[in-house]
Amino acid sequence: MSEKHARLLYALGTTLGENGVFAANKLAQEDTNDLSHTNVAAAKQMKAMKPLQDAWDHYTLTLATLRDTFALLDDQDMAELADAEAQHIVADLNHQLVHVIPTLLRPTSETADLSALIELKSGVGGSESSHFLAEMLRMYVRVARAEGWSPTILANNESDNGGVKDAILEIKGEGAYDALKWESGVHRVQRVPATEASGRLHTSTVAAVVLPLSDEPPSDVKDELFNLEDVKIEVMRARGAGGQHVNKTESAVRITHIPTGISVSMQDERSQHQNRRRAFQVLRARLMDRKIILDQAQRRAARKSLVRTADRSEKIRTYNYPQDRVTDHRLGKGNMSWNDVLEGDGLMIFIRELQGKHDVDSFIDKFVPE
Amino acid sequence: MRLLRALQQAIGAPSAHNELRWMKRAIAASPATVPDLDTMVARRVAGEPLQYILGAQPFGPLMLQVRPPVLIPRPETEDWALRLASAFPPPPGVTGMRVQRALDLCTGSACIPLLLCAQRPPGTLHAVAVDSSDAALALARDNARACAVPCATDARRHTPPTNTLALLRADVLDTAALAAALRPHGPFDLLTANPPYITRAEYAELPPSVRDWEDPAALLGDLPAAPPSGGLAFYHAIAALLARGDVLRAGGWLALEVGAGQARAVAAVVGAALAGASETQIWCDPWGKERVVVAHGARR
């Protein structure tokens with residue numbers, strides 16, 4: 001058992017065990033039948049924690065069974081049976097600890113119903129970087145479809161060499177943001193580019209930022225994230241006399257949110273109307289992202305939490321082509337193949353593990369003193 | 001790669017990337033209705049407008065069909081028509097019970113009345129679109145069908161309620177005949193037009209994709225065999241129609257697109273015709289050019 005899991009068990013024991021706070025609440029609840037405010041809150045908390053309590057009870061019961069089984073190992077007649085039984089129980093305990101309990105620790109997310117915008121920008125490595133960006137874009141589109149979300153490429157700025165310099169992908173669907181936010185950070189690719197005659201291994205990067213996307217408020221409701229008067233809307237290229245004199249398609253727009261300086265350019269659609277709508281969508285997502293980061297920072301400062309949040313300039317993953325290995329540096333694992341991640345279900349496995357790790361870390365952070 | 005380079009030489013690098021993408025996207029969306037990529041690029045390099053090659057042009061939330069030589073809807077027009085659709089007030093009194101009437105002169109693809117039909121609440125607008133060109137009227141009919149706007153004369157006949165469009169063939173320059181043709185449909189709450197406004201001198205200087213492909217009758221605001229009018233011939237004709245007094249309802253709105261530098265002159269022409277117009281405004285387009293003259297008729 002890892003040190004972390006030991007600490008998790010300790011945390012669970014103090015909160016859910018017989019002498020824990022939760023058990024005390026339970027007793028208080030049984031003692032009095034009055035529905036005072038504190039009791040209602042306690043009842044609510046109890047209900048919310050019921051699945052975790054059940055899992056813990058199951059765990060402690062299984063552990064007791066294991067102790068009884070150990071006692072039988074000394075018995076000549078029973079040893080073989082007890083050994084098999086013990087192995088079975090240990091496997092069950094491990095499963096509970098690694099897979100079941102972490103998912104129950106997940107706090108209800110305020111962002112659970114949000115869709116996501118993934119902004120990809122090519123970094124070091126020139127054309128190889130933009131080629132890999134195109135592959136990542138395909139990966140996210142494929143994963144989104146497999147998860148039942150709807151992906152739409154909002155911007156796709158192709159480079160002259162057939163790659164993509166930068167792109168914005170909208171992924172609509174419940175839970176898309178909560179899952180994909182783990183993709184924010186620098187993705188590093190190592191391979192020999194098709195154009196590299198000398199066969200030298202190149203290292204290139206693509207930066208991903210995943211933003212929360214909420215539905216547009218209805219047109220008669222004021223947007224909570226910005227005032228329309230604070231947004232400057234510009235068309236990008238001159239049109240001379242314009243109107244009937246010109247029939248060239250000029251649909252590119254740039255909008256700038258003056259208070260924050262956030263600026264979004266859109267030119268993907270032939271319709272200026274559509275480009276403007278999309279630019280506002282991206283602006284909303286960036287402002288919402290800012291708000292979430294600020295809220296988190298405040299909460300963390302209040303709690304003096306030790307759980308780090310991802311720094312977006314941090315290298316999160318390495319895709320190594322010649323070694324056919326993809327490593328997520330936050331998990332410290334390199335057990336996925338190139339195809340697992342880019343063509344298979346490897347990405348979602350990474351994401352679920354990252355979620356689970358984060359949930360456990362937060363829980364320990366909350367309940368275990370350093 | 002080769003196609004991109006050819007396009008870059010013809011229309012410049014930033015546009016080449018976008019246009020190539022739009023061509024590819026059109027092929028992916030409906031391979032049967034558009035030419036193959038080589039053909040498209042060759043036609044574009046030869047100067048044909050992208051919109052005619054793709055056969056369609058977005059206009060606000062609508063996707064309109066376009067085909068030569070009918071004028072291609074411009075982004076300036078899209079901008080003011082959207083703005084007008086939300087600024088134009090509903091009928092006074094009990095809300096929504098009276099169907100408002102809109103008249104669009106020199107309608108071309110019918111982009112303006114169809115956008116109004118799409119943006120106003122269903123069952124509240126009956127639009128009448130006028131053009132002198134059979135090609136334009138045929139395209140307008142196709143577009144009405146594509147936008148699911150019934151071509152009829154009375155919006156109230158439809159269940160569920162829907163906005164409707166009537167098409168009229170008439171010459172805006174023949175004021176008496178036009179007024180007679182409009183009488184059964186009027187009076188109107190709103191008159192819009194994007195009439196031809198290019199002067200004869202400017203016409204010679206137009207980019208080939210405009211001059212060689214779009215109908216001169218939709219562009220030239222100076223009449224043949226007449227002294228140059230600064231491209232204002234159609235505004236004078238519209239003013240004459242307004243001066244008859246029975247076309248625009250009291251308090252009705254007027255919105256006319258104008259060419260660069262014409263706004264003040266057009267405001268003066270229609271201001272004189274709408275004697276006692278309560279207010280005349282000039283709206284700018286997204287590029288900062290004075291683009292639309294908007295007048296509210298006096299309430300009697």
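## Terms and basis

Two strands pair if DSSP finds at least two bridges between them. Strands (E, at least two residues) and helices (H or I, at least four) are DSSP runs, numbered from the N terminus.

This is a predicted model, in which local features need pLDDT of at least 70, side-chain atom pairs count only at pLDDT 80 or more, and totals for chains, interfaces and linings use all residues. Residues are numbered from 1 along each chain as its sequence is written, chains are lettered from A and ligands numbered from 1 in the order in which they are written, and side-chain values use heavy atoms, without hydrogens and water.

## The sheet of chain B

In chain B, seven strands form an open sheet with mixed pairing, in the order 5-4-3-6-7-9-8. Its edge strands, each pairing on one side only, are strand 5 (164–169) and strand 8 (279–284) of chain B.

## Strand 3 and its neighbours

Strand 3 of chain B is joined to strand 6 of chain B by four bridges, and the two run parallel. Here Leu103(B) has Leu191(B) of strand 6 as its bridge partner.

Strand 3 of chain B also pairs with strand 4 of chain B, in the parallel sense, over five bridges; Gln100(B) has Leu125(B) of strand 4 as its bridge partner. Five of the six residues of strand 3 of chain B are buried (under 20% relative accessible area, with a 1.4 Å probe and protein chains only).

## Strands 6 and 7

Strand 6 (residues 188–193) and strand 7 (residues 248–257) of chain B pair in the parallel sense over five bridges. Within this pairing, Leu256(B) of strand 7 is the bridge partner of Ala193(B).

Definitions and conventions. Buried < 20%, exposed > 50% of the residue type's maximum accessible area, 1.4 Å probe, protein only.
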